[in-house]
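Biologist: I'd like to learn how to read a structure feature by feature. Can you walk me through one, starting with the rules you use?

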Amino acid sequence: MKAGDLVRFKVSALHPDHTRWLRCCAKNRIPMLIVQEFDSNVIPVEAHLLEERVFEIVCEGIFLHAFEYELTKRGL
């Protein structure tokens, strides 16, 4: 995955703390655009511990942060 790719949230990666709007977007396979990948100086400590990539994505004008394991390119 890289900036400019269309992705969507995986339904299986949703947690109870995600908003109803985000759960709806995932279930309806709403495409989201990757704006940028955060470098290791900016990402939270949890991402370093998980060794996960973190992306800034935009959907319906709202900017979100997501781990790579939460996103998929399938079904678009």
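Modeller: A salt bridge is a side-chain nitrogen of Lys or Arg within 4 Å of a carboxyl oxygen of Asp or Glu. Before we apply that, some ground rules: this is a predicted model, where local features need pLDDT of at least 70, side-chain atom pairs count only at pLDDT 80 or more, and totals for chains, interfaces and linings use all residues. Residues are numbered from 1 along each chain as its sequence is written, and side-chain values use heavy atoms, with hydrogens and water left out.

Biologist: How many salt bridges does that rule give here?

Modeller: The count comes to four. Take R53 and E37: their side chains meet in a salt bridge at 3.0 Å, N to O. This pair links distant parts of the chain, as R53 sits in the loop between helix 2 (45–50) and strand 3 while E37 belongs to strand 2, 16 residues apart. Helices (H or I, at least four residues) and strands (E, at least two) are DSSP runs, numbered from the N terminus.

Biologist: Which residues do salt bridges with shared partners join into a network?

Modeller: K2, D5 and K73 form one network. The side chains of K2 and D5 meet at 3.2 Å, N to O, and K73 also forms a salt bridge with D5, with the closest N and O atoms 3.2 Å apart. K73 lies in the segment after strand 5 (71–72) and D5 in the segment before strand 1 (6–9), so the pair ties together parts that are 68 residues apart in sequence. Look at accessibility as well: D5 is buried at 11%, K2 is exposed at 52%, and K73 is partly exposed at 44%.

Biologist: Let's move on to strands. How do I read their pairing?

Modeller: Two strands pair if DSSP finds at least two bridges between them. Here strand 2 (residues 32–37) and strand 3 run antiparallel, joined by four bridges, and L33 stands opposite V58 in strand 3. On to the next pairing: strand 3 and strand 4 (residues 62–67) are also antiparallel, with six bridges, and F55 stands opposite A66 in strand 4. The hairpin of strand 3 and strand 4 has two residues between the strands, and E60 takes a positive phi near 50° there.

Biologist: Why is strand 3 described as largely enclosed?

Modeller: Six of the six residues of strand 3 (residues 54–59) are buried, so the rest of the structure largely encloses it. Both faces are covered: V54, E56 and V58 are buried on one side, and F55, I57 and C59 on the other.

Biologist: And what makes up the largest nonpolar core?

Modeller: A nonpolar core is a set of buried Ala, Val, Leu, Ile, Met, Phe, Trp, Tyr and Cys residues joined through side-chain atoms within 4.5 Å. The largest one has 14 residues, and V7, F9, M32, I57, L64 and L71 have the most contacts inside it. Strand 1, helix 1 (20–27), strand 2, strand 3 and strand 4 each supply at least two residues of this core.

Biologist: How do I read a pair of aromatic rings?

Modeller: A pair of aromatic rings is described by the distance of the centres and the angle of the planes. Rings of Phe, Tyr and Trp (its six-membered ring) pair if their centres lie within 6.5 Å; planes under 30 degrees apart count as stacked, over 60 as edge-to-face and the rest as tilted. A search of the whole structure finds one aromatic pair. The rings of F67 and Y69 have centres 5.6 Å apart and planes at 15°, so the pair is stacked. F67 is buried at 17%, whereas Y69 is partly exposed at 34%.

Methods:
Buried means under 20% relative accessible area, exposed over 50%, partly exposed in between (1.4 Å probe, protein chains only).
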